[in-house]
Amino acid sequence: MVDYRLVKPVYDETFSSWVNRCLLARLSAKVTGLSVKSEFSREDSEYKFEDPDFDANSDYVKGSIIIVGAYRSYSFRFFEKEQRLVLPWEWRVNYCPECLRADVVAGRLPAWRKSWCYVMSVHCLSHNRQLSSLNGALSVNKAWDAFVYEARSEIFTTENYASAWMSNESERIRISLVRKVVAWYLGSGERNKISNEIDENLRHCFDVVLQMLLAAPTYALKPGAAWSLFFLGKPRFDRPKKGFAWALEEGMFRAGVHVRMSAVILAGMVFSIFSDVEVKFIDRLLKIASGVCRLNSYKIGSECFLLSNREDYLYVRAKFSGVSCSALERICEFVQGVEDSYQKSCEGNKKDRLWGRAKDSWRRWAYDPCNEPDPQSVILGLRYYKI
Ligand SMILES: [Zn+2]
(Lines give C-alpha, C1' and ligand atoms only; values in the text may rest on other atoms or scores of the structure.)
Protein backbone atom coordinates (compact mmCIF):
# COMPACT_ATOMS: atom_id res chain seq x y z
CA MET A 1 0.00 0.00 0.00
CA VAL A 2 1.35 3.43 -0.88
CA ASP A 3 2.06 5.61 2.14
CA TYR A 4 0.04 8.78 1.63
CA ARG A 5 2.73 10.85 3.34
CA LEU A 6 5.39 9.96 0.77
CA VAL A 7 5.64 12.01 -2.40
CA LYS A 8 6.16 10.08 -5.61
CA PRO A 9 9.78 9.92 -6.82
CA VAL A 10 10.41 11.67 -10.13
CA TYR A 11 11.83 9.42 -12.85
CA ASP A 12 15.62 9.18 -12.41
CA GLU A 13 15.59 10.99 -9.05
CA THR A 14 18.34 10.45 -6.47
CA PHE A 15 17.46 8.93 -3.11
CA SER A 16 18.51 11.95 -1.01
CA SER A 17 16.55 14.32 -3.26
CA TRP A 18 13.40 12.24 -2.90
CA VAL A 19 13.74 11.87 0.90
CA ASN A 20 14.30 15.61 1.19
CA ARG A 21 11.17 16.34 -0.85
CA CYS A 22 9.17 13.93 1.35
CA LEU A 23 10.35 15.78 4.46
CA LEU A 24 9.64 19.22 3.01
CA ALA A 25 6.19 18.11 1.84
CA ARG A 26 5.37 17.09 5.40
CA LEU A 27 6.74 20.38 6.81
CA SER A 28 8.05 18.20 9.62
CA ALA A 29 10.20 19.43 12.47
CA LYS A 30 12.20 16.29 11.94
CA VAL A 31 13.71 17.80 8.78
CA THR A 32 16.74 18.74 10.84
CA GLY A 33 17.18 15.19 12.12
CA LEU A 34 18.70 13.88 8.90
CA SER A 35 21.98 15.04 7.41
CA VAL A 36 24.81 13.74 5.26
CA LYS A 37 27.63 12.61 7.54
CA SER A 38 31.21 13.64 6.93
CA GLU A 39 34.61 12.87 8.41
CA PHE A 40 37.73 15.01 8.28
CA SER A 41 40.54 13.22 6.49
CA ARG A 42 43.91 14.35 7.84
CA GLU A 43 45.69 12.77 4.94
CA ASP A 44 43.83 14.86 2.35
CA SER A 45 43.11 17.85 4.63
CA GLU A 46 39.48 17.84 3.64
CA TYR A 47 36.11 16.36 4.57
CA LYS A 48 35.01 13.03 3.10
CA PHE A 49 31.27 12.53 2.84
CA GLU A 50 29.14 9.42 2.97
CA ASP A 51 27.04 8.68 -0.09
CA PRO A 52 23.37 9.44 0.68
CA ASP A 53 22.26 8.56 -2.85
CA PHE A 54 23.76 5.19 -3.74
CA ASP A 55 25.10 3.63 -0.53
CA ALA A 56 22.37 1.62 1.22
CA ASN A 57 24.62 1.34 4.29
CA SER A 58 25.14 5.08 4.75
CA ASP A 59 23.76 6.67 7.91
CA TYR A 60 21.62 8.94 5.76
CA VAL A 61 19.84 6.04 4.04
CA LYS A 62 19.46 4.08 7.30
CA GLY A 63 18.16 7.18 9.10
CA SER A 64 15.64 7.86 6.37
CA ILE A 65 14.06 4.44 6.96
CA ILE A 66 13.21 5.48 10.51
CA ILE A 67 12.34 9.13 9.94
CA VAL A 68 10.61 8.99 6.58
CA GLY A 69 9.59 5.35 6.45
CA ALA A 70 11.35 5.39 3.13
CA TYR A 71 11.24 1.66 2.40
CA ARG A 72 7.57 1.26 3.07
CA SER A 73 6.51 2.04 -0.47
CA TYR A 74 9.64 2.29 -2.59
CA SER A 75 12.52 -0.13 -2.66
CA PHE A 76 16.05 1.33 -2.55
CA ARG A 77 16.63 -0.59 -5.79
CA PHE A 78 14.49 2.02 -7.50
CA PHE A 79 17.28 4.52 -6.74
CA GLU A 80 20.29 2.36 -7.68
CA LYS A 81 23.02 3.88 -9.82
CA GLU A 82 23.06 2.98 -13.49
CA GLN A 83 26.69 3.71 -14.29
CA ARG A 84 29.90 2.63 -12.58
CA LEU A 85 31.90 5.85 -12.50
CA VAL A 86 30.03 7.94 -9.96
CA LEU A 87 31.12 11.37 -8.72
CA PRO A 88 31.54 11.60 -4.91
CA TRP A 89 28.68 13.38 -3.14
CA GLU A 90 30.60 16.64 -2.77
CA TRP A 91 31.21 16.84 -6.54
CA ARG A 92 27.61 16.17 -7.61
CA VAL A 93 27.12 19.83 -8.47
CA ASN A 94 25.95 19.72 -12.08
CA TYR A 95 22.33 20.01 -13.10
CA CYS A 96 19.97 20.88 -15.93
CA PRO A 97 18.06 24.13 -15.20
CA GLU A 98 15.30 23.14 -17.60
CA CYS A 99 14.61 19.88 -15.72
CA LEU A 100 14.33 21.87 -12.48
CA ARG A 101 12.00 24.39 -14.12
CA ALA A 102 9.88 21.54 -15.52
CA ASP A 103 9.49 20.14 -11.98
CA VAL A 104 8.18 23.43 -10.67
CA VAL A 105 5.85 23.86 -13.66
CA ALA A 106 4.50 20.36 -12.88
CA GLY A 107 3.67 21.55 -9.36
CA ARG A 108 6.36 19.72 -7.42
CA LEU A 109 9.60 20.64 -5.67
CA PRO A 110 12.64 20.38 -7.96
CA ALA A 111 14.31 16.97 -7.95
CA TRP A 112 17.98 16.07 -8.39
CA ARG A 113 18.56 13.43 -11.11
CA LYS A 114 20.76 10.33 -10.97
CA SER A 115 21.90 10.99 -14.53
CA TRP A 116 23.70 14.16 -13.33
CA CYS A 117 25.82 12.19 -10.84
CA TYR A 118 28.14 10.19 -13.09
CA VAL A 119 31.63 11.09 -14.28
CA MET A 120 30.34 11.00 -17.84
CA SER A 121 27.30 13.16 -17.05
CA VAL A 122 27.85 16.30 -19.05
CA HIS A 123 24.53 16.96 -20.73
CA CYS A 124 20.82 16.52 -20.08
CA LEU A 125 19.31 13.59 -21.96
CA SER A 126 15.83 15.16 -21.95
CA HIS A 127 16.71 18.70 -22.99
CA ASN A 128 19.86 18.00 -24.99
CA ARG A 129 21.82 20.79 -23.32
CA GLN A 130 25.04 20.98 -21.39
CA LEU A 131 24.71 20.81 -17.61
CA SER A 132 25.23 23.90 -15.43
CA SER A 133 27.23 23.95 -12.19
CA LEU A 134 26.16 24.95 -8.71
CA ASN A 135 28.68 26.86 -6.61
CA GLY A 136 28.72 27.10 -2.85
CA ALA A 137 27.78 24.78 0.00
CA LEU A 138 25.95 21.62 -0.95
CA SER A 139 22.99 20.18 0.89
CA VAL A 140 20.33 17.58 0.16
CA ASN A 141 18.22 20.59 -0.76
CA LYS A 142 20.54 21.49 -3.63
CA ALA A 143 17.91 20.99 -6.35
CA TRP A 144 15.91 23.83 -4.83
CA ASP A 145 19.08 25.90 -4.31
CA ALA A 146 19.96 25.45 -7.97
CA PHE A 147 16.46 26.40 -9.07
CA VAL A 148 16.62 29.59 -7.01
CA TYR A 149 20.08 30.37 -8.33
CA GLU A 150 18.85 30.01 -11.91
CA ALA A 151 15.78 32.11 -11.25
CA ARG A 152 17.87 34.89 -9.76
CA SER A 153 20.67 34.76 -12.24
CA GLU A 154 20.47 37.47 -14.85
CA ILE A 155 23.11 35.82 -16.93
CA PHE A 156 22.05 32.34 -17.89
CA THR A 157 25.47 30.80 -17.59
CA THR A 158 28.28 31.57 -15.17
CA GLU A 159 30.93 30.38 -17.58
CA ASN A 160 32.02 32.85 -20.18
CA TYR A 161 34.25 31.01 -22.59
CA ALA A 162 35.22 32.73 -25.78
CA SER A 163 36.65 29.82 -27.66
CA ALA A 164 34.86 28.01 -30.42
CA TRP A 165 35.08 24.76 -28.47
CA MET A 166 33.14 26.24 -25.59
CA SER A 167 30.65 28.17 -27.70
CA ASN A 168 26.94 27.44 -27.63
CA GLU A 169 26.90 26.92 -31.39
CA SER A 170 29.06 23.85 -31.12
CA GLU A 171 27.22 22.54 -28.06
CA ARG A 172 24.76 20.45 -30.06
CA ILE A 173 27.55 18.73 -31.96
CA ARG A 174 29.63 18.19 -28.83
CA ILE A 175 26.63 16.57 -27.17
CA SER A 176 26.04 14.28 -30.15
CA LEU A 177 29.70 13.18 -29.97
CA VAL A 178 29.33 12.46 -26.25
CA ARG A 179 26.12 10.51 -26.91
CA LYS A 180 27.97 8.34 -29.39
CA VAL A 181 30.76 7.58 -26.91
CA VAL A 182 28.37 6.85 -24.03
CA ALA A 183 26.25 4.56 -26.26
CA TRP A 184 29.39 2.66 -27.19
CA TYR A 185 30.49 2.49 -23.55
CA LEU A 186 27.14 1.26 -22.30
CA GLY A 187 27.15 -1.54 -24.81
CA SER A 188 24.94 -0.62 -27.68
CA GLY A 189 27.89 0.29 -29.89
CA GLU A 190 30.12 -2.74 -29.79
CA ARG A 191 29.69 -6.28 -28.58
CA ASN A 192 31.94 -9.20 -27.98
CA LYS A 193 31.45 -11.57 -30.94
CA ILE A 194 31.37 -14.65 -28.71
CA SER A 195 29.36 -13.57 -25.67
CA ASN A 196 27.31 -10.81 -27.38
CA GLU A 197 28.13 -8.51 -24.47
CA ILE A 198 30.20 -5.35 -24.36
CA ASP A 199 33.77 -6.40 -23.75
CA GLU A 200 34.42 -5.74 -20.04
CA ASN A 201 38.15 -5.39 -20.75
CA LEU A 202 37.46 -2.60 -23.21
CA ARG A 203 35.26 -0.85 -20.69
CA HIS A 204 37.94 -1.11 -18.00
CA CYS A 205 40.49 0.33 -20.45
CA PHE A 206 38.08 3.15 -21.20
CA ASP A 207 37.73 3.98 -17.48
CA VAL A 208 41.52 4.18 -17.08
CA VAL A 209 42.03 6.25 -20.24
CA LEU A 210 39.33 8.65 -19.05
CA GLN A 211 41.16 8.95 -15.73
CA MET A 212 44.45 9.69 -17.53
CA LEU A 213 42.84 12.35 -19.70
CA LEU A 214 41.38 13.97 -16.58
CA ALA A 215 44.53 13.81 -14.40
CA ALA A 216 44.29 16.95 -12.25
CA PRO A 217 46.64 19.90 -12.66
CA THR A 218 49.11 20.46 -9.83
CA TYR A 219 52.25 22.59 -9.61
CA ALA A 220 54.50 19.63 -10.27
CA LEU A 221 52.51 17.78 -12.90
CA LYS A 222 51.17 18.56 -16.30
CA PRO A 223 47.44 17.82 -16.27
CA GLY A 224 45.66 15.30 -18.49
CA ALA A 225 44.84 16.24 -22.07
CA ALA A 226 41.27 17.29 -21.30
CA TRP A 227 42.59 20.06 -19.04
CA SER A 228 45.57 21.14 -21.09
CA LEU A 229 43.82 21.24 -24.44
CA PHE A 230 40.54 22.82 -23.50
CA PHE A 231 40.88 24.60 -20.22
CA LEU A 232 41.13 28.30 -20.93
CA GLY A 233 42.93 30.50 -18.46
CA LYS A 234 44.84 29.38 -15.44
CA PRO A 235 44.41 25.76 -14.34
CA ARG A 236 43.19 25.29 -10.78
CA PHE A 237 46.04 24.28 -8.52
CA ASP A 238 43.89 22.79 -5.82
CA ARG A 239 46.52 20.78 -4.03
CA PRO A 240 49.96 21.93 -5.07
CA LYS A 241 51.84 19.38 -3.00
CA LYS A 242 49.80 16.38 -4.04
CA GLY A 243 51.46 13.68 -6.08
CA PHE A 244 50.75 11.75 -9.22
CA ALA A 245 48.39 9.17 -7.69
CA TRP A 246 46.23 11.93 -6.22
CA ALA A 247 46.11 13.79 -9.55
CA LEU A 248 45.05 10.63 -11.35
CA GLU A 249 42.44 9.47 -8.83
CA GLU A 250 40.88 12.85 -8.06
CA GLY A 251 41.11 14.69 -11.40
CA MET A 252 37.95 13.16 -12.83
CA PHE A 253 35.94 14.29 -9.83
CA ARG A 254 37.31 17.82 -9.72
CA ALA A 255 37.04 18.63 -13.41
CA GLY A 256 34.14 20.86 -14.46
CA VAL A 257 31.56 19.86 -17.03
CA HIS A 258 33.49 21.42 -19.94
CA VAL A 259 36.66 19.52 -19.08
CA ARG A 260 34.83 16.22 -18.55
CA MET A 261 32.97 16.65 -21.82
CA SER A 262 36.31 17.19 -23.56
CA ALA A 263 37.69 14.06 -21.88
CA VAL A 264 34.81 11.88 -23.08
CA ILE A 265 35.31 13.18 -26.64
CA LEU A 266 39.09 12.67 -26.51
CA ALA A 267 38.54 9.14 -25.15
CA GLY A 268 36.22 8.59 -28.13
CA MET A 269 39.18 9.52 -30.37
CA VAL A 270 41.53 7.17 -28.49
CA PHE A 271 39.06 4.30 -28.97
CA SER A 272 38.40 5.23 -32.64
CA ILE A 273 34.68 5.59 -32.06
CA PHE A 274 34.17 8.56 -34.40
CA SER A 275 33.73 8.70 -38.16
CA ASP A 276 36.18 10.64 -40.35
CA VAL A 277 33.70 13.51 -40.63
CA GLU A 278 33.42 13.74 -36.85
CA VAL A 279 37.19 13.65 -36.39
CA LYS A 280 37.51 16.51 -38.90
CA PHE A 281 34.97 18.54 -36.93
CA ILE A 282 36.93 17.98 -33.69
CA ASP A 283 40.14 18.94 -35.52
CA ARG A 284 38.63 22.21 -36.71
CA LEU A 285 37.40 23.14 -33.25
CA LEU A 286 40.68 22.20 -31.60
CA LYS A 287 42.64 24.30 -34.06
CA ILE A 288 40.61 27.36 -33.12
CA ALA A 289 40.52 26.53 -29.40
CA SER A 290 44.16 25.67 -28.78
CA GLY A 291 46.10 25.77 -32.04
CA VAL A 292 46.56 21.99 -32.01
CA CYS A 293 46.48 20.42 -35.46
CA ARG A 294 45.61 16.89 -36.48
CA LEU A 295 45.30 15.44 -33.03
CA ASN A 296 45.33 11.63 -33.02
CA SER A 297 45.53 8.81 -30.48
CA TYR A 298 49.32 8.73 -30.56
CA LYS A 299 49.61 12.49 -29.97
CA ILE A 300 47.08 12.34 -27.13
CA GLY A 301 49.29 9.71 -25.45
CA SER A 302 52.68 11.23 -26.21
CA GLU A 303 52.11 14.94 -25.81
CA CYS A 304 49.32 15.21 -23.33
CA PHE A 305 50.16 12.79 -20.58
CA LEU A 306 53.67 13.29 -19.26
CA LEU A 307 55.19 10.89 -16.74
CA SER A 308 57.98 12.35 -14.64
CA ASN A 309 59.47 9.17 -13.17
CA ARG A 310 59.40 5.37 -13.22
CA GLU A 311 57.22 5.17 -10.12
CA ASP A 312 54.42 7.10 -11.85
CA TYR A 313 54.86 4.97 -14.97
CA LEU A 314 54.42 1.79 -12.91
CA TYR A 315 51.34 3.27 -11.25
CA VAL A 316 49.70 3.73 -14.64
CA ARG A 317 50.82 0.30 -15.85
CA ALA A 318 49.28 -1.33 -12.76
CA LYS A 319 45.92 0.13 -13.75
CA PHE A 320 46.04 -1.85 -16.99
CA SER A 321 47.05 -5.12 -15.34
CA GLY A 322 44.88 -8.03 -16.38
CA VAL A 323 43.52 -6.24 -19.46
CA SER A 324 43.29 -8.50 -22.51
CA CYS A 325 45.62 -8.03 -25.47
CA SER A 326 42.73 -7.42 -27.85
CA ALA A 327 41.53 -4.52 -25.69
CA LEU A 328 45.06 -3.07 -25.52
CA GLU A 329 45.42 -3.43 -29.25
CA ARG A 330 42.38 -1.21 -29.72
CA ILE A 331 44.26 1.66 -28.04
CA CYS A 332 47.77 0.65 -29.04
CA GLU A 333 48.59 4.03 -30.62
CA PHE A 334 47.66 5.87 -27.44
CA VAL A 335 49.67 3.41 -25.30
CA GLN A 336 52.60 3.67 -27.71
CA GLY A 337 52.46 7.46 -27.31
CA VAL A 338 52.59 7.20 -23.50
CA GLU A 339 55.39 4.61 -23.71
CA ASP A 340 57.48 6.76 -26.11
CA SER A 341 57.06 9.87 -23.99
CA TYR A 342 58.12 7.88 -20.91
CA GLN A 343 61.21 6.58 -22.73
CA LYS A 344 62.17 10.11 -23.76
CA SER A 345 61.67 11.86 -20.46
CA CYS A 346 62.50 9.34 -17.71
CA GLU A 347 65.48 7.40 -16.58
CA GLY A 348 64.29 3.78 -16.83
CA ASN A 349 65.94 0.46 -15.97
CA LYS A 350 67.69 -1.98 -18.29
CA LYS A 351 64.46 -3.60 -19.44
CA ASP A 352 62.99 -0.18 -20.23
CA ARG A 353 65.94 0.56 -22.48
CA LEU A 354 65.57 -2.79 -24.24
CA TRP A 355 61.91 -2.10 -24.88
CA GLY A 356 62.68 1.47 -25.88
CA ARG A 357 64.69 0.20 -28.82
CA ALA A 358 61.98 -2.26 -29.89
CA LYS A 359 59.18 -1.54 -32.32
CA ASP A 360 55.62 -1.87 -30.97
CA SER A 361 56.73 -1.42 -27.37
CA TRP A 362 53.06 -0.96 -26.37
CA ARG A 363 52.90 -4.78 -26.27
CA ARG A 364 54.77 -4.82 -22.94
CA TRP A 365 51.65 -3.32 -21.30
CA ALA A 366 50.02 -6.74 -21.49
CA TYR A 367 52.46 -7.99 -18.83
CA ASP A 368 53.10 -7.41 -15.17
CA PRO A 369 55.97 -4.87 -15.19
CA CYS A 370 57.85 -6.93 -12.56
CA ASN A 371 57.70 -10.03 -14.68
CA GLU A 372 57.80 -8.92 -18.30
CA PRO A 373 59.65 -10.83 -21.01
CA ASP A 374 62.34 -9.46 -23.32
CA PRO A 375 60.93 -7.52 -26.25
CA GLN A 376 62.32 -9.88 -28.89
CA SER A 377 60.27 -12.85 -27.74
CA VAL A 378 57.09 -10.78 -27.59
CA ILE A 379 57.49 -9.01 -30.92
CA LEU A 380 58.28 -12.29 -32.64
CA GLY A 381 55.04 -13.64 -31.28
CA LEU A 382 56.62 -16.42 -29.21
CA ARG A 383 54.89 -15.39 -26.01
CA TYR A 384 52.56 -12.58 -26.91
CA TYR A 385 49.90 -14.73 -28.49
CA LYS A 386 49.98 -17.27 -25.67
CA ILE A 387 48.49 -14.91 -23.10
ZN1 LIG B 1 16.99 18.67 -18.55
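Me: Which elements of the protein have the lowest and the highest mean pLDDT, and how should I read that score?
Reply: pLDDT is the predictor's confidence in each residue, on a scale from 0 to 100, and helices (H or I, at least four residues) and strands (E, at least two) are DSSP runs numbered from the N terminus. In this protein, helix H16 (residues 375-379) has the lowest mean pLDDT, 68, whereas strand E3 (residues 94-95) has the highest, 94. This is a predicted model, in which local features need pLDDT of at least 70 and side-chain atom pairs count only at pLDDT 80 or more, while totals for chains, interfaces and linings use all residues. Residues are numbered from 1 along each chain as its sequence is written.

Me: What is the average pLDDT of the protein, and where does it stay under 50?
Reply: The protein averages 79, and 80% of the residues score at least 70. The score stays under 50 over residues 154-162, for which the model has 4 contacts beyond four places in sequence, a contact being two residues whose C-beta atoms, placed from the backbone, lie within 7 Å. Over residues 382-387 the pLDDT is also below 50, and this stretch has 8 contacts in the model beyond near neighbours in sequence.

Me: Which residues touch the most other members of the largest nonpolar core?
Reply: A nonpolar core is a set of buried Ala, Val, Leu, Ile, Met, Phe, Trp, Tyr and Cys residues joined through C-beta atoms within 7 Å; a residue is buried if 20 or more other C-beta atoms lie within 10 Å of its own, exposed if 12 or fewer, and partly exposed in between. Here the largest core has 81 residues, and those touching the most other members are Val181, Val209, Leu213, Ala226, Ala263, Leu266 and Ala267. Helix H9 (residues 257-270) supplies the largest share, 9 residues. Because domain 1 (15-152) and domain 2 (171-386) both give residues to this core, it lies between them; such bounds come from an automatic or database domain assignment.

Me: Which residues is Glu98 in contact with, leaving aside its neighbours within four places in sequence?
Reply: Glu98, which is found in helix H3 (residues 97-105), is in contact with Cys124, His127 and Arg129 once those neighbours are left aside. Glu98 and His127 are 29 residues apart in sequence, yet 7.1 Å apart in space, C-alpha to C-alpha. Glu98 counts as partly exposed because 15 other C-beta atoms lie within 10 Å.

Me: Where is Asn128 placed, and what is its phi?
Reply: Asn128 lies in the loop between H3 and strand E4 (132-133), and has a positive phi of about 50° although it is not a glycine.
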